[in-house]
Amino acid sequence: MRLSRRSLLGSAAGLGAAAALTVPARAQQPAIKVGVLTDMSGPYQDLAGPGSIAATQLVASEFMAANPGARVEIVSADHQNKADIAAGTARQWFDRDGVDVIIDLSNSAVALAVSGIGREKNKAVIATGAATSDISGRACNANTVHWVYDTYMLAKSTGGAMVKAGGDSWFFLTADYAFGHALERDVSDFVRNAGGRIVGSVKTPFPGTTDFSSFLIQAQASRAKVLGLANAGTDTINCIKQAKEFGVSNSMKVAGLLVFLSDVHALGLDVCQGLILSESFYWDQNDRTRAFSSRYSPRMQGKRPSMVQAGNYACVLHYLKAAKEMGYAQAKADGAAAIAMMKKLPADDDCFGPGIIREDGRKIHPSYLYEVKKPSESEGAYDYYKTLASTPAEEAFRPLSAGVCSLVKT
Amino acid sequence: MMMILGIPAPLLFGQLLLGVVNGAFYALMSLGLAIIFGMLNIVNFAHGALFMLGAFTAWGLLNYAGIGYWWALLLAPLIVGAFGVLLERLFISKLYKLDHLYGLLLTFGLALILEGLVRNYYGSSGLPYRIPSQLQGAQNLGFMIMPNYRGWVVLAAIVMCVITWLVIEKTSIGAKLRAATENAPLVQSFGINVPLMITLTYGAGVALAAFAGVLAAPIYSVNPNMGANFIIVVFAVVVIGGMGSILGSIVTGFGLGIVEGLTRVFYPEGSATVIFVVMVIVLLARPAGLFGRAH
């Protein structure tokens, strides 16, 4: 962690020196300090973690190269998926270390805790890895932006589209805690609204379930057309692996309600083929995402970015543009003003294309429904998805009127 | 359709069979633990991490050396077992004279270090490992689809349990080992190298964990935490069976697999807890466990 920071400081100093040689009279700008608070040792390490830091370093070096005189520093820490540890780190960063904006927050509980601290200290918080739609709903505040995805987006894209494609009866395997219940509830609403029905669901103990075969047999016996996996990480991986083993994926369509590129990579196409999932970023989506990905990959031993890692690149770029617009010193002094400027400026980056941040803090952009390719269709590592459908930005997320964010005046 | 307690009979039979499959893993894992505790008096908390190392070794053999599943089934236990011997010589052997608690703390620390190292190099979302081609496919039993590989797991586990039990109960090595547990100085005075025997016993217990790890690799995610999820349940199995009882851990392993399978039909939310409920009841009624002898 210290190393990356030091090397960045080094490169920043180098850039500064180069600028000083050519433009001797340029005034030194105050440095913007970005804190990447991510999962470095737990289940979300591969979808965020070191890749999130690499993406942030990439955007910092690109921004400094494009804007001589601008200075960006990065610090990072492991939130360990514990809200209390994350809160402690956030307070230290804001109070003692001069951090201006905290990003990533790849755990809903962590994101909600840090969002509150950002509000209290008037700093900026951008959640890219968290799922709960409460961040731009009942827990929204003027210092926080929610980028990338949320439970509403996943439920609408996957749930709605599957019913349209004929998957009108569902059986859920649900991780038995708040996140799983919320995801099942949201997807169920979309399925019912689209004319489908819920045949049954099993709440699987969390954590501590490694064998899902009993539950999968129950799902199979229900004769539902779709198996909805309202869980995440290793649970999802084990479910998909065992669904294939017991032939469940032959008789039912498996819908992963929260699956990342790194999960598909871990499972292999042999097991994952035919899986339906939703994301808001896929590295091979268009020329701009491919361009971003080819700049990112060399920093991560050839790995392709997940949507969370891409989100960190995009949100830091937009934050830095806003800070430049209003003046770096002003952005450092007033987090709410920096967030307000981010909402005012239209966003545009290689990962998510053009988009805006709504007054409730929700960044909107299109979402995509993907099907995992068969091994015969894939041209190599990370060539995993084919696009089935896309939802335009305005419809992909919960409408402003339906949220309960206090920032939205009705 | 025939119904038993409001559940369609085919579904119930399917769950019973799956219970046996899971029980096979519990039995194999708790067998290694029981041997180590019975002979060394060490509560080996590193067992889950060594199980995980077995799975990773199988993955590494395939991806770095092109060695497939069947050889891995032999080589991974040997490699991890040798690593276990090293651990025993370097660390665990220093603790035999101390209280159980020290062994527990040491092995728990070792488990955390091993898991952390693997996580650092291979990430946390796991690695793919395919079912060997000979065991792919499934049999339609009428009431459920039974994957061939799961059948193989049960078979391999039973064979391994029987072999281990025979070695310890029916051979002269086993007899010496049991004697050394009762009274080490006396056995040593007959010219038998007791420390060496203990070291090899630990290695053998570890090899059993690695063997279970290779068996698990194709069906569970090969990830650094795969052992941590298992180890708590397996400890409960050992406690219920009677600490150190070989037969106890085998019978209890399979039995609890079935109890857990049935709970998953009747009350899924409780399936992670049911084993511990059984443990509490057994400890209240028979503090030494079902097959244990009170000291």
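Predicted model: local features only at pLDDT ≥ 70, side-chain atom pairs only at ≥ 80, totals over all residues.
Local features need pLDDT of at least 70, side-chain atom pairs count only at pLDDT 80 or more, and totals for chains, interfaces and linings use all residues. Residues are numbered from 1 along each chain as its sequence is written, and chains are lettered from A in the order in which they are written.

**View 1. The contact between chain B and chain A.** Here 35 residues of chain A are in contact with 31 residues of chain B (C-beta atoms, placed from the backbone, within 7 Å). On the side of chain B that touches chain A, two or more residues each come from α1 (9–40), β4 (145–147), α9 (226–241) and α10 (246–266); helices (H or I, at least four residues) and strands (E, at least two) are DSSP runs, numbered from the N terminus. The largest share, 5 residues, belongs to α1(B).

**View 2. The two domains of chain A.** Domain 1 covers 2–149 + 285–365, and domain 2 covers 152–279 + 367–396; these bounds come from an automatic or database domain assignment. Their centres, taken over C-alpha atoms, are separated by 30 Å. Domain 1 gives 14 residues to the contact and domain 2 gives 15.

**View 3. The packing of α10(B) and α11(B).** The axes of α10(B) and α11 (residues 274–285) of chain B are 9 Å apart, at an angle of about 125°; axes are lines fitted to C-alpha atoms over the stretch in contact, and angles run from 0 to 180 degrees between N-to-C directions. B:L256, B:V259, B:E260 and B:T263 of α10(B) meet B:V274, B:I275 and B:V278 of α11(B).

Conventions. Contact = placed C-beta atoms within 7 Å.
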